[in-house]
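Take a look at the model below. We will walk through it from the inside, step by step.

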Amino acid sequence: MDDANLRKIYEQYWLHARHVENERLWFTNIYAVIVAGFLAYLGVVENNNPINLILIFFLLILSLFGYIITQAWNIPFVIFSRLAEEIAICEWKLPEEYRRFTKYSKGYDYYKFIGIGKLSIRISASRAFIGFYSIMIGVFIALSYQIIRNINDYKEISMVFIVVSVTFYFYYHLYLEKKTLVKIRTQFNERVNKCLDKKKTS
């Protein structure tokens, strides 16, 4: 393929990736406004008002949708951004210091982890968004639990919140991410590695 067409494809991949990233951000902004508005309303109505549970259920469904759609957006972002970098590396011999996503990049490891030594955890935008929606799902399930059970035991409510939030986050971390994003990244690194090996032997 000639260089001009490759450049067009490269640009389109990055445009698609940025478009997905912007969609994810805009949805979260709209979600935050809706949640803030409903919570402000709930703060001024009586606790035993039957509409409270309806609103909480609505916010729970919206949070579940946010969780699902975020994962749906994470996948194309990873695909398009990696394809763009693959073109840059394999076709244009992008130097290591300018690489962003491959394990062969240099100088970009420091910001990916928080913590100290072995206690460090890898951070990413996809995990941050999923973590946010996991917390919100936990909040609204805990509030629903409180209203349905008509209890004020904050230890029990807090336990429901923690269990639900952690469950949703680790379902993503241990299953969804490995099933999708990790698989895409691994395949990308394998293709880049194969490409680099071919260039070394040629």
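A nonpolar core is a set of buried Ala, Val, Leu, Ile, Met, Phe, Trp, Tyr and Cys residues joined through side-chain atoms within 4.5 Å. Keep in mind that this model is predicted.

Start with the core. The largest nonpolar core has 37 residues. Phe27, Tyr31, Val35, Tyr67, Phe140 and Tyr172 touch the most other members. Five helices, α1 (3–42), α2, α3 (125–149), α4 (154–179) and α5 (181–201), each supply at least two residues of this core. The largest share comes from α2, with 12 residues. In soluble globular proteins, nonpolar side chains tend to be buried together.

Now turn to a pair of helices. α1 and α2 pack with their axes 9 Å apart, at an angle of about 165°. Angles over 145 degrees count as roughly antiparallel, so α1 is roughly antiparallel to α2. Their crossing is left-handed. The residues of this contact are 31 nonpolar, seven polar and three charged.

Next, pick one residue. Ser63 is found in helix α2, which spans residues 51–90. Is Ser63 buried or exposed? Buried means under 20% relative accessible area. Ser63 has 0% relative accessibility, so Ser63 counts as buried. Leaving aside neighbours within four places in sequence, Ser63 is in contact with Tyr31, Tyr133, Met136, Ile137 and Phe140.

Follow one of those partners. Phe140 touches Ser63 too, again leaving aside neighbours within four places in sequence.

Definitions and conventions: Residues are numbered from 1 along each chain as its sequence is written. This is a predicted model: local features need pLDDT of at least 70, side-chain atom pairs count only at pLDDT 80 or more; totals for chains, interfaces and linings use all residues. Side-chain values use heavy atoms; hydrogens and water are left out. Helices (H or I, at least four residues) and strands (E, at least two) are DSSP runs, numbered from the N terminus. Buried means under 20% relative accessible area, exposed over 50%, partly exposed in between (1.4 Å probe, protein chains only). Contact means heavy atoms within 4.5 Å. Axes are lines fitted to C-alpha atoms, for helices over the stretch in contact, and angles run from 0 to 180 degrees between N-to-C directions. Angles under 35 degrees count as roughly parallel, over 145 as roughly antiparallel, 65 to 115 as roughly perpendicular and the rest as oblique. A crossing is left-handed if the near helix is turned anticlockwise from the far one by less than a right angle, and right-handed if clockwise. Ala, Val, Leu, Ile, Met, Phe, Trp, Tyr, Cys and Pro count as nonpolar, Asp, Glu, Lys and Arg as charged, and the others, Gly among them, as polar.
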